[in-house]
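Subject: Structure handover

Dear colleague,

I am passing on the structure below, followed by notes on what was found in it. Please read the notes with the structure open beside you.

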Amino acid sequence: MNPDQNIAFRLNPALDLPALASQFKAQGRIQIRDALDVKTADFYRSVLQERTKWGLAWQIGAEGPRASRFAETEALSDTEKQAICQKAGDAVGRGEYGFVYHQYAMLNAYLEQWEPEHPLDRLLEQLNDRPFLDLIRQVTGVHSVIKAEAQATNFGPGHFLTEHDDLHSRDPRRVAYVLNLTIPDWKSEWGGFLNFFDKHGNIEAGFKPMFNSLNLFLVPQRHSVSHVAPFAPVGRYAITGWAMDP
């Protein structure tokens, strides 16, 4: 028997959903502290930090998004990886959209069976089960969502995601979520904040990537992930995705 099957996915039973719903209604976004049972959060933190074969995702301006899986990413030299970051940064300097971060495409991995019985396969199922979707429905008031898309992300030093609104021409995205699973003592100076912007480009709110916190926000909403500092000793680990309509 796979020992990972004994790890149950549990939300924190002490969450006050009506109070959280009231807070969300006022702003259209929320950071829920201690969202998961501690054992659940610790387990999936270890999975991301120790057992995930990271690829690389990036976009350099108008070239469109690109992604490489683990083997392709490992074959890149440090110079080639730095060049990708530099080119993406140059595009941002020209006022274009761009991003660079480590990624594990959970849905593709699940459907294509990249690593059978990997814990992230089970997590994808759990994110699409009733307890997690009910939490999203009850807190956000968006009761039409029926599924959750997910990717594992690791923003390392120098990685970033510029301002965007998550609207997509094909996917019926209603609520975006970020389940933060990086180290508990992440320092503000290391960056990696989920920032939200008003119409003037001012930061209205910034959510630190606090361990075992769940960020929820309505789509569309202008936001970004700020640069992770070059001196950050670890990556900003998270599960990110969208709760979607049929």
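In the hairpin of S2 and S3, which has 4 residues between the strands, Gly61 takes a positive phi near 55°. Strand S2 (residues 55-60) and strand S3 (residues 65-68) pair in the antiparallel sense over 4 bridges, and Trp58 is placed opposite Arg66 in S3.

The model is predicted, with local features requiring pLDDT of at least 70 and side-chain atom pairs counting only at pLDDT 80 or more, while totals for chains, interfaces and linings use all residues. Residues are numbered from 1 along each chain as its sequence is written, and side-chain values use heavy atoms, with hydrogens and water left out.

Turning to the helices, H1 (residues 17-27) and H7 (residues 130-140) pack at an angle of about 55° with their axes 7 Å apart, where axes are lines fitted to C-alpha atoms, for helices over the stretch in contact, and angles run from 0 to 180 degrees between N-to-C directions. H1 and H7 are therefore oblique to each other, since angles under 35 degrees count as roughly parallel, over 145 as roughly antiparallel, 65 to 115 as roughly perpendicular and the rest as oblique. Leu17, Leu20, Ala21 and Phe24 of H1 meet Leu135, Gln138, Val139 and Thr140 of H7 in this contact, a term that means heavy atoms within 4.5 Å.

Next come the open spaces. On a 1 Å grid over the protein atoms alone, a pocket is an open set of points with protein on both sides within 12 Å along at least five of seven lines, a cavity is a set where a 1.4 Å probe fits but cannot get out, and lining residues have an atom within 4 Å of a point. Grid points are joined across faces, edges and corners, and a volume is the space filled by probe spheres set on the points.

The largest pocket has a volume of about 980 Å³, and of its 38 lining residues the closest to its centre are Tyr101, Gln103, Gln151, Arg173 and Trp242. Strand S5 (residues 147-155) gives the largest share of this lining, 5 residues.

The second largest pocket, of about 150 Å³, is lined by Leu56, Thr73, Lys81, Cys85, His102, Gly156, Pro157 and His159.

With best wishes

Note on methods: Helix = DSSP H or I, 4+ residues; strand = E, 2+ residues; numbered from the N terminus. Pairing = 2+ DSSP bridges.
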